[in-house]
Amino acid sequence: MKRVHLTIVGLLLVVIGFAQGNKEAKMHQFVNVLMSKMTLEEKLGQLNLPASSDFVTGAVSSSDIADKVKAGKVGGVFNIRSVTKIKELQQFAVNNTRLHIPLLFGMDVIHGYKTIFPIPLGMSATWDMELVERSARIAASEASADGIQWTFSPMVDLTRDPRWGRVSEGNGEDAFLSSAIAKAMIQGYQGNDLSAPNTILSCVKHYALYGAAEGGRDYNTTDMSRVRMYNEYFPPYKAAVDAGVASVMVSFNEVDGIPASGNKWLVDDVLRKQWKFNGFVVSDYTGIPEMMNHGMGDAQTVNAMSMNAGVDMDMVGEGFLNTMKKSLQEGKVTLAQINQACERILIAKYQLGLFDDPYRYCNEQRSATEVFTAANRAEARRIAAQSFVLLKNNNVLPIAAGKKIALVGPLANAKENMTGTWSVGADNAKSISLLKGLTDAVGANGKVVYAMGSNLEDDEEMQKRQTMFGKDIARDNRTAEAMIQEALAVSADADVIVAALGEGAESSGESASKSNIDIPEAQKRLLKALVATGKPVALVLFNGRPLTLNWENENVPAILDVWFAGSEAGDAIADALLGKVNPSGKLSMSFPQNVGQIPLYYNHKNTGRPLTGKWFSKFQSNYIDVSNEPLYPFGYGLSYTQFEYGDIQLSSKQLKGNQKLILTIPVKNTGKYAGKEVVQLYIRDEVGSITRPVKELKGFNKIDIAAGETKQVKFEITPELLKFYNTDLKFDWESGDFQIMVGPNSRDVKTVKVNWVK
Ligand code: BGC
């Protein structure tokens with residue numbers, strides 16, 4: 001019986017394999033036939049990706065982009081925000097080009113399309129892969145209804161420097177967590193069938209090491225050892241490739257002295273040969289011509305270099321279009337390379353189903369009924385509340401029903417700022433401010449009074465830089481003192497003060513590096529005045545990066561980090577403040593005590609002189625003026641309830657070869673609220689052929705625990721989790737002693753030891 005069963009399964013697999021092989025063969029045949037008709041110019045046109053031009057509806061044929069499209073000089077266009085415009089341009093391309101090849105439409109759909117989810121750094125704090133995938137699924141479904149077939153997401157650059165504004169776009173400092181997120185997002189965007197009208201191509205970026213920009217200054221130089229690249233910075237990109245990501249964007253920065261946009265080792269050797277990536281590679285925005293500034297040669301040289309490296313598509317640079325013919329004549333590139341790049345772009349279009357129906361993603365009906373729906377917004381609200389990290393709470397939160405709440409601060413009534421950076425598709429005016437969310441939630445059951453209290457920044461110019469792209473916060477021209485007095489008057493008979501402070505939406509994101517990551521002085525002054533009233537104060541912190549919060553941690557009784565939580569921010573924050581949702585987010589990036597500690601990350605090396613005694617210890621690796629500890633460690637986050645970790649139980653302390661180690665630990669909810677806890681597993685390899693980190697995240701488990709309940713949390717550990725790249729860049733594990741740690745964050749762990757031999 002079993003045998004019959006197996007035979008049937010085997011047969012089925014053969015049939016499926018055959019059908020798939022057939023499908024593949026059909027696709028290649030189609031693309032080959034098409035390419036056999038294409039001129040060199042038309043092939044180069046497919047490699048050209050201009051940004052959207054500003055044509056107005058009905059005027060596409062007179063726009064500057066039209067001439068290029070008509071001449072077959074455009075393969076795709078990005079960041080057009082309307083289904084009507086996209087359809088119009090698609091029709092124009094199909095009807096007016098010789099071979100009727102449809103265009104590819106891309107967009108930065110980074111954390112939602114119109115229904116906006118928390119910024120990626122906030123999403124990563126959920127540690128909930130189901131929610132991450134769900135958010136990407138909704139983003140893909142909304143974007144695809146509006147004509148978008150390709151998103152420039154996920155961004156998985158490892159980040160250890162909160163001065164860099166783009167930390168907001170990524171998943172923080174840990175490769176294991178970021179790899180899991182990459183996989184979930186790609187699954188969410190691409191689903192299992194790229195030709196479905198509600199799935200889109202994903203693009204992992206920025207390959208590679210962009211997060212290691214020196215000094216946290218955007219676009220700056222990066223330089224690191226290969227061992228560090230492979231063990232620490234590469235894994236999330238590789239995880240994306242393993243998850244089947246359709247495209248890869250190369251980064252602006254140099255890698256090992258050669259800009260990524262023209263780095264053959266990076267693209268051809270590592271990405272394509274070692275990782276077997278077979279989708280297409282796109283440059284970043286003018287990344288190819290920027291190689292001239294890097295000092296790599298003239299336009300002719302850098303474009304050939306990029307083609308030789310294996311980059312297929314040129315974003316905005318137009319150099320592939322304008323230089324490649326000459327490079328081909330001069331023998332600097334080959335026709336085979338151009339053909340291959342063109343083939344990869346056409347295959348992506350084929351997989352999307354664009355040759356069957358170029359308008360598959362332009363469905364006005366879907367656009368009208370499936371975007372920014374009540375259901376999607378409810379999901380965004382639910383997901384946003386899971387991203388909040390409770391940094392401190394001295395019995396202030398949750399706020400009980402019936403209280404009078406004074407809501408104060410420049411971010412309290414700032415709906416345009418709720419979506420944070422990179423919310424290209426959003427209609428920010430439709431976002432829910434905290435003032436609205438809290439007022440609605442409290443209803444007749446209490447009272448909310450409001451005062452702005454301060455400007456975002458004292459300096460108008462500084463404020464402008466952080467509130468660009470329609471994220472203005474109106475300035476109040478009264479003196480700082482007058483605004484504070486008003487806030488104090490409004491708070492005078494309140495039971496509790498909620499201070500909505502932090503950064504403007506564009507304080508983080510691209511080209512938003514900062515050397516000072518304190519809460520701006522204008523707001524700190526206000527906060528000090530509020531705390532001085534002696535009333536309970538809850539600081540609701542809006543931020544796109546870790547901030548330095550020493551004073552706040554010492555003096556403010558409660559701090560809830562809400563990042564930029566998206567279009568439904570106000571409702572979601574109200575849910576958390578009033579206890580409808582118990583916060584369960586955990587930090588994916590360490591919060592330093594001061595900027596002098598940066599880069600600061602939990603999985604550092606031990607050094608030859610680790611701090612073993614108390615800080616300060618002479619001739620050990622520490623500072624005179626600040627301890628080595630972060631203010632809040634990686635993995636940290638509180639709850640309205642408390643969790644108690646019992647003792648770790650192991651299936652064995654002596655393991656051999658491919659055995660499995662089973663670890664269980666009881667976690668008890670000792671408080672009075674039901675809550676979610678992210679139980680974290682870390683491992684330290686005590687001795688290695690290269691130096692090994694003091695601990696590395698190797699597992700996590702987010703669980704619901706009712707008040708008073710104990711849950712047994714189980715982890716399965718295999719030697720796969722012990723592997724690392726050695727000095728020959730060989731990926732393997734080494735026999736020896738391992739510390740196995742479990743805890744609620746990277747600092748407060750319980751440790752046991754095992755010995756594992758090959
Ligand atoms: C950014 C990318 C983005 C691209 C397209 C660039 O400036 O670095 O992350 O996808 O622009 O908007």
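1. Cis peptide bonds. Phe616 is found in the loop between helix H22 and strand S17, where helices (H or I, at least four residues) and strands (E, at least two) are DSSP runs numbered from the N terminus. The peptide bond from Trp615 to Phe616 is cis, with omega near 5°. Pro599 is also placed in the loop between H22 and S17, the strand covering 643-645. A cis peptide bond, with omega of about 0°, joins Ile598 to Pro599.

2. Basis of the model. The model is predicted; local features need pLDDT of at least 70 and side-chain atom pairs count only at pLDDT 80 or more, while totals for chains, interfaces and linings use all residues. Residues are numbered from 1 along each chain as its sequence is written, and side-chain values use heavy atoms, with hydrogens and water left out.

3. Overall form. The chain holds 22 helices and 27 strands. Its radius of gyration is 27 Å, which agrees with the value near 27 Å that a compact globule of 758 residues would have; the radius is taken over C-alpha atoms, and the globule rule is 2.2 Å times the number of residues to the power 0.38. Along the principal axes, the C-alpha trace spans about 75 × 65 × 65 Å.

4. Domains. The chain is divided into domain 1 (43-367), domain 2 (379-587) and domain 3 (643-757), with bounds that come from an automatic or database domain assignment. The C-alpha centres of domain 2 and domain 3 are 36 Å apart.

5. Interface of domain 2 and domain 3. Five residues of domain 2 are in contact with nine residues of domain 3, contact meaning heavy atoms within 4.5 Å. The area buried between these domains is about 550 Å², and carbon and sulfur atoms give 47% of it; buried area is the accessible area (1.4 Å probe) that two parts lose on being put together, summed over both. In domain 2, Asn582, Ser584 and Lys586 lose the most area to domain 3, together 72% of what that side buries.

6. Lys586 forms a salt bridge with Glu677, and the closest N and O atoms are 3.0 Å apart.

7. Salt bridges in the whole structure. A search of the whole structure finds 48 salt bridges. One of these pairs Arg381 with Asp571, the closest N and O atoms being 3.7 Å apart. Arg381 lies in helix H16 (residues 374-385) and Asp571 in helix H22 (residues 569-577), so the pair ties together parts that are 190 residues apart in sequence.

8. Backbone at Glu318. Phi of Glu318 is near 60°, a positive value in a residue other than glycine. Glu318 lies in the loop between strand S10 (314-315) and helix H13 (319-329).

Definitions and conventions: A salt bridge is a side-chain nitrogen of Lys or Arg within 4 Å of a carboxyl oxygen of Asp or Glu.
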